[in-house]
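Colleague: I am new to this structure and would like to learn how to read it, beginning with a single residue and ending with the whole chain. Could you take me through it step by step?

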Amino acid sequence: MNKLAAKDDVLARLKDGQVIMIGGFLNTGTPEMLVNILVEQKVKNLTIIANDTAFPDKGIGKLVVNGQAARVIVSHIGTNPETGRRMHTGELKVELIPQGTLAERIRCGGAGLGGVLTPTGVGTVVAEGKEQIVSGGKPYLLELPLKADIALIKAWKADKYGNLVYNRAARNFNPLMAMAAEFVIAEAEEILEAGGLDPDQVMTPGACVDMLIQGEKIW
């Protein structure tokens, strides 16, 4: 099935109040074109799940600066002072999660698991309000799955069926998020005809991708 779509198709999927996962690590592997579409559409009251909030003028940071995000669930915010400012003024809710725990919670969401047990955060503020389980004589926190209405992800190459290949470290959270959302939109730098990818190179199968758009080639 051809997943290639136009900008208007993406716009039709975006609504106020959605939970949106956005791939990337400090804007590496972030679908910049899709984020710009979010900015242009001026959707608001978003809950954004991502590794970080990038920089004020790049990627997810633009959504924070524009006031489109009501809540972010991330592993750090240090590179975007505006995120910290809005958190302290109460304009933005920020949930900070240890990076490995964040990845595992997203993986659980995609795999249909009930959660993950981790020792990370035991005895700290991270444990507040969370169930603690003792296994093998050691305490663990039960961290619950994360899912989203939409995932916006970035690929290096794709075919028109939505099979994706990522470029090195730009892979980061993208494959996990492609499994954990109700609707997945991928932005690819290069889109090939069906059969144009070596099947052994495919990292996210087209069955996980609902929509595909052409992005800018940067590599």
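Colleague: Is Glu143 buried or exposed?

Modeller: Bear in mind that this is a predicted model. A residue counts as buried when its relative accessible area is under 20%, and Glu143, with a relative accessible area of 1%, is therefore buried. Glu143 has its place in strand E7, which covers residues 138-143.

Colleague: Which side chain does the side chain of Glu143 join in a polar contact?

Modeller: The partner is Lys130, and the polar contact between the two side chains is 2.9 Å.

Colleague: How many helices and strands does the chain have?

Modeller: The secondary structure comes to six helices and eleven strands. The radius of gyration is 17 Å, close to the 17 Å that the globule rule gives for 219 residues, so the chain is as compact as a globular protein of that length. Along its principal axes, the C-alpha trace spans about 55 × 40 × 30 Å.

Colleague: What share of the 219 residues in the chain is buried?

Modeller: Buried residues make up 48% of them, and, among contacts with a separation of 6 or more, 71% are between residues 24 or more positions apart. As for the surface, the chain exposes about 10,300 Å², of which carbon and sulfur atoms supply 53%.

Colleague: How many positive and negative side chains are there?

Modeller: The chain has 23 positive and 25 negative side chains, and the centres of these two sets lie 2 Å apart.

Definitions and conventions. Residues are numbered from 1 along each chain as its sequence is written. This is a predicted model: local features need pLDDT of at least 70, side-chain atom pairs count only at pLDDT 80 or more; totals for chains, interfaces and linings use all residues. Side-chain values use heavy atoms; hydrogens and water are left out. Helices (H or I, at least four residues) and strands (E, at least two) are DSSP runs, numbered from the N terminus. The radius of gyration is taken over C-alpha atoms; the globule rule is 2.2 Å times the number of residues to the power 0.38. Buried means under 20% relative accessible area, exposed over 50%, partly exposed in between (1.4 Å probe, protein chains only). Contact means heavy atoms within 4.5 Å. Accessible areas come from the Shrake-Rupley method with a 1.4 Å probe; for residues, only the protein chains shown count as cover. Lys and Arg count as positive and Asp and Glu as negative; His and the chain ends are not counted. The place of a charge is taken as NZ of Lys, CZ of Arg, CG of Asp or CD of Glu. A polar contact is a pair of N or O atoms within 3.5 Å; within protein, one must be able to donate a hydrogen and the other to accept it, and residues adjacent in sequence count only if both atoms are side-chain atoms.
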